[in-house]
Amino acid sequence: MATTTCTAAPTSLASVTLEVADLDAAHRFYGAFGVDAYVRLRASAAHSTGFRGFTLGLTVSGPATVDGFFGAAVDAGATVLKPAAKSLWGYSGVVRAPDGTIWKIATSAKKDTGPDTRRIDEVVLLLGVEGVKATKQFYAERGLTVAKSVGGKYVEFAAGQSSPVKLALYKRRALAKDLGVPVDGTGSHRVVIGGTAGAFTDPDGFAWEAAAPHAPTPS
């Protein structure tokens, strides 16, 4: 039987750039939230309404740390979409940043085993896509390595050495439901993914560009 070998150069996520209307305000918010080391910011007036089709997730060690980041985000101006609470999978809360980006802060632990550490264990860029299997194949053909796959529901790619953010895929409708927002949305996603390969756009309109060196965050 003939076998097919992927000849694409290895590709990985190297950066996540959020496009925001007020650059100075966004820098202040993400500095206060405590996640400014994980995202880049770019001024943009691109039209966008409703659900932008993605979320950024923080995985932390316990409920006290969830509460710490959740409180910091709200104090800095974020809107609560889902209050932090226990669930079947652990403890989590969802907020929308002033620029419109949705963040989910979660832990698999349901009981506190220590104080708020203010430490992030993992950051995941979760794209809501129409066809998980098709988009998984699209990315695999471009050299991304699948680290975890759950049928046609969820896919996680191996993290690259150049980025602290991991890429994952989920059904768009299921993601919106999990975040507590309507699924409808139009216009720009307002996020650009920096990669170790050339520029391209995926089947759901998420744009990739060649990652540039990280500029220092203004103080």
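Is Thr-101 buried or exposed?

Reply: Happy to! Please keep in mind that this is a predicted model.

Thr-101 is buried, because its relative accessible area is 1%, and the cut-off for buried is under 20%. To find Thr-101 in the picture, look at the loop between strand 6 (90–96) and strand 7 (102–107). Leaving out residues up to four places away in sequence, Thr-101 touches Leu-18, Tyr-30, Arg-52, Phe-54, Leu-56, Val-95 and Arg-96.

Tyr-30 belongs to one aromatic cluster together with Phe-29, Phe-33, Phe-69 and Trp-103. Helix 1 covers residues 23–33 and helix 2 covers residues 63–75; they pack with their axes 8 Å apart, at an angle of about 155°. That angle is over 145°, so helix 1 is roughly antiparallel to helix 2. The contact comes from Phe-29, Ala-32 and Phe-33 on the helix 1 side, and from Phe-69, Ala-72 and Ala-73 on the helix 2 side. As for handedness, helix 1 passes helix 2 in a right-handed crossing.

Searching the whole structure gives 12 aromatic pairs. One of them joins Tyr-139 and Phe-157, whose ring centres are 5.7 Å apart, with 70° between the planes, an edge-to-face arrangement. Tyr-139 is in helix 3 (residues 132–141) and Phe-157 is in strand 10 (residues 154–157), so this pair ties together parts that are 18 residues apart in sequence. Both Tyr-139 and Phe-157 are buried.

Tyr-139 also pairs with Trp-208: here the rings are tilted, with 50° between the planes and 5.6 Å from centre to centre. This pair links distant parts of the chain, as Tyr-139 sits in helix 3 and Trp-208 in strand 15 (residues 207–210), 69 residues apart. Tyr-139 and Trp-208 are both buried.

While you are at helix 3, have a look at another threonine. Thr-135 is placed in helix 3, and it counts as buried because its relative accessibility is 1%. Setting aside neighbours within four places in sequence, Thr-135 is in contact with Val-129, Leu-169, Asp-202, Pro-203 and Asp-204.

Val-146 lies in strand 9 (residues 146–150), and it is partly exposed, with a relative accessible area of 33%. Between the C-alpha atoms of Val-146 and Ala-168 there are 9.3 Å, although the two residues are 22 apart along the chain.

Arg-142 lies over the face of Phe-138, at 3.6 Å from the ring centre. Arg-142 also lies over the face of Phe-200, this time at 5.8 Å from the ring centre.

Arg-118 has a positive phi of about 55°, although it is not a glycine. You will find Arg-118 in the loop between strand 7 and strand 8 (122–129), where it is partly exposed, with a relative accessible area of 36%. Arg-190 is not a glycine either, and its phi is positive as well, at about 65°. Arg-190 is in the loop between strand 12 (185–187) and strand 13 (191–195). With a relative accessible area of 8%, Arg-190 is buried.

Arg-190 takes you to one last stop, Ser-44. Not counting residues up to four places away in sequence, Ser-44 touches Arg-190 along with Glu-19, Val-20 and Ala-21. Ser-44 is found in the loop between strand 2 (40–43) and strand 3 (48–50), and its relative accessible area of 17% makes it buried.

To return to where you began: Thr-101 is a buried residue in a loop between two strands, and its contact Tyr-30 is part of an aromatic cluster.

Key
Residues are numbered from 1 along each chain as its sequence is written. This is a predicted model: local features need pLDDT of at least 70, side-chain atom pairs count only at pLDDT 80 or more; totals for chains, interfaces and linings use all residues. Side-chain values use heavy atoms; hydrogens and water are left out. Rings of Phe, Tyr and Trp (its six-membered ring) pair if their centres lie within 6.5 Å; planes under 30 degrees apart count as stacked, over 60 as edge-to-face and the rest as tilted. Helices (H or I, at least four residues) and strands (E, at least two) are DSSP runs, numbered from the N terminus. Buried means under 20% relative accessible area, exposed over 50%, partly exposed in between (1.4 Å probe, protein chains only). A charge sits over a ring if NZ of Lys or CZ of Arg is within 6 Å of the ring centre and within 35 degrees of the ring normal. Axes are lines fitted to C-alpha atoms, for helices over the stretch in contact, and angles run from 0 to 180 degrees between N-to-C directions. Angles under 35 degrees count as roughly parallel, over 145 as roughly antiparallel, 65 to 115 as roughly perpendicular and the rest as oblique. A crossing is left-handed if the near helix is turned anticlockwise from the far one by less than a right angle, and right-handed if clockwise. Contact means heavy atoms within 4.5 Å.
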